[in-house]
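Trainee: Could you go through this one with me slowly? I would like to learn how to read it.

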Amino acid sequence: MWAVLIGAALIIGGLLFLLQPTLRRRPSDPHLMPQTGATLEPRRQGLRFLGLSRNWPALAIIAVGALLLVFGSYL
């Protein structure tokens, strides 16, 4: 039972750790885009935030939590 609870806590903690930069960012200020007018979209986001090199600690925590959930149910 404890393994399942710890696994669930690790998955939730890993998700919070993964989303931490987004949760700490201040709300966007509207700015004008030449094609569409006013928007809240970031100016230069790119896909760097999805990289494995930046997110591996959170993904490792989630993986350990998932393993505890799977193997904890057999104990």
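Trainee: Among contacts in the chain between residues at least 6 apart in sequence, what share joins residues at least 24 apart?

Mentor: Keeping in mind that this is a predicted model, the share is 61% of the contacts between residues at least 6 apart in sequence.

Trainee: Okay, and which pattern does the chain follow along the sequence?

Mentor: Read along the sequence, the pattern is α-β-β-α, and the chain has two helices and two strands.

Trainee: How do helix 1 and helix 2 pack, in terms of angle and axes?

Mentor: Helix 1, which covers residues 2-24, packs with helix 2, residues 52-72, at an angle of about 160 degrees, and their axes are 7 Å apart. Angles over 145 degrees count as roughly antiparallel, and helix 1 and helix 2 are therefore roughly antiparallel to each other.

Trainee: Is their crossing left-handed or right-handed?

Mentor: The crossing of helix 1 and helix 2 is left-handed. Residues that make the contact include Ala 3, Gly 7, Leu 10 and Gly 14 from helix 1, and Ile 61, Gly 65, Leu 68 and Gly 72 from helix 2.

Trainee: What classes of residue make up that contact of helix 1 with helix 2?

Mentor: By class, the contact has 17 nonpolar and five polar residues, and no charged residues.

Trainee: Let's pick one. Where does Ala 3 lie, and what does it touch?

Mentor: Ala 3 lies in helix 1, and, leaving out residues up to four places away in sequence, Ala 3 touches Leu 68 and Gly 72. Ala 3 and Gly 72 are 69 residues apart in sequence, yet their C-alpha atoms are 4.9 Å apart in space.

Trainee: Why does Ala 3 count as buried?

Mentor: Buried means under 20% relative accessible area, and Ala 3 counts as buried because its relative accessibility is 19%.

Trainee: Switching to the whole chain, how many of its residues count as buried, as a percentage?

Mentor: Of the 75 residues of the chain, 13% count as buried.

Note on methods. Residues numbered from 1 in each chain as written. Predicted model: local features only at pLDDT ≥ 70, side-chain atom pairs only at ≥ 80, totals over all residues. Heavy atoms only, no water. Helix = DSSP H or I, 4+ residues; strand = E, 2+ residues; numbered from the N terminus. Buried < 20%, exposed > 50% of the residue type's maximum accessible area, 1.4 Å probe, protein only. Contact = heavy atoms within 4.5 Å. Axes fitted to C-alpha atoms, helices over the stretch in contact; angles between N-to-C directions. Parallel < 35°, antiparallel > 145°, perpendicular 65-115°, else oblique. Left-handed = near helix turned anticlockwise from the far one by under 90°. Nonpolar A, V, L, I, M, F, W, Y, C, P; charged D, E, K, R; others polar.
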